[in-house]
Amino acid sequence: MPYEGAIYRPPSEANSLILQVTVGCSHNRCTFCSMYKDKSFRIKSKEEIFDDIDSYSNDFYTRAFLADGDAMLLPTDLLIEVIRRIRSKMPNVKRVGIYGHANNLKTKSVEELKLLRSEGLNIVYVGVESGSDKILGKINKGISSSEMEKQLLKVSESGIKLSIMIISGLGGKELTYEHAIESAKLVSRVKPKFLSLLTLMLGEGTEFYRAVENNEINLLNPYEILIETKLMIENLELKNTIFRVNHASNYLNLEGVLNKDRKRILEEIDTAIRDENYIPEYFRRL
């Protein structure tokens with residue numbers, strides 16, 4: 001299947017059919033992100049998308065993932081046609097996932113989301129990044145924490161599974177406490193089905209990279225990242241949220257169900273801190 005530029009997907013979609021229905025990111029102004037800087041955003045035509053689906057008509061895949069960063073920006077009627085085409089050509093596909101910028105969720109009502117759920121859209125991945133308005137403003141996320149919460153709750157209300165991502169270390173040393181506490185507050189109110197932590201990795205050429213080079217932001221070391229992670233987990237109030245820290249960017253892999261497994265997870269963090277047992281920096285580049 002032809003892709004335009006690099007393709008990104010969540011770790012849990014490793015074995016999925018990756019279908020590029022949009023190219024790039026319509027926002028593409030987050031100061032830390034270098035993922036889509038080489039692309040000009042556009043929504044692929046229905047003909048292009050259907051040709052891609054038809055080229056992969058087989059019984060191998062059980063999951064499909066709709067990329068790039070703003071696939072949720074597709075009009076609802078086109079999304080429905082795409083999902084139906086996938087399921088008609090690949091009947092073994094039981095789950096369809098999608099990336100969704102919180103701002104693009106504004107284009108979908110709860111009723112539209114429910115309709116998409118009934119057609120087979122099972123999970124939406126949203127890069128929340130932080131629950132702090134200060135940090136969201138600094139990284140130019142383009143949305144406030146309260147508006148983020150409003151849009152995320154729409155997904156949960158629709159019955160689509162919600163997976164959100166927070167970026168550890170995003171506030172630097174200056175805002176690490178606020179990042180942990182405000183993110184914990186937002187996540188606790190939203191209560192997603194899945195919560196993942198990624199760890200900040202600098203992309204050369206980004207505004208964030210230049211700010212670090214100019215000593216405007218002081219990055220956290222692995223010890224400080226784990227202290228921040230521990231503080232956030234201590235302040236989460238969740239029930240049956242699946243928690244995963246298994247991205248290539250992380251210094252420590254963690255998993256469990258929150259808050260059921262909180263005690264064990266905190267003990268694992270304490271052990272890693274005590275033993276200075278962090279994933280080496282060079283492995284984070286894989």
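Tutor: Welcome! F65 stands opposite G97 in β5. This is a predicted model, where local features need pLDDT of at least 70, side-chain atom pairs count only at pLDDT 80 or more, and totals for chains, interfaces and linings use all residues. Residues are numbered from 1 along each chain as its sequence is written, and side-chain values use heavy atoms, with hydrogens and water left out.

Student: What makes β4 and β5 a pair?

Tutor: Two strands pair if DSSP finds at least two bridges between them. Strand β4 (residues 63-67) and strand β5 (residues 95-99) have 4 bridges, in the parallel sense, so they count as paired.

Student: Why are β1 and β10 called edge strands?

Tutor: The open sheet has 8 strands, ordered β1-β4-β5-β6-β7-β8-β9-β10, with mixed pairing. Both β1 (17-20) and β10 (254-258) pair on one side only.

Student: How do you know that helix α2 packs on the sheet?

Tutor: Contact means heavy atoms within 4.5 Å, and α2 (residues 76-89) touches β1, β4, β5 and β6 (121-129).

Student: Why is F283 called partly exposed?

Tutor: Buried means under 20% relative accessible area and exposed over 50%, with partly exposed in between (1.4 Å probe, protein chains only). F283 has 40%, so it is partly exposed. F283 is found in the segment after α9 (262-275), and its C-alpha atom is separated by 9.4 Å from that of N250, 33 residues apart along the chain.

Key:
Helix = DSSP H or I, 4+ residues; strand = E, 2+ residues; numbered from the N terminus. Axes fitted to C-alpha atoms, helices over the stretch in contact; angles between N-to-C directions.
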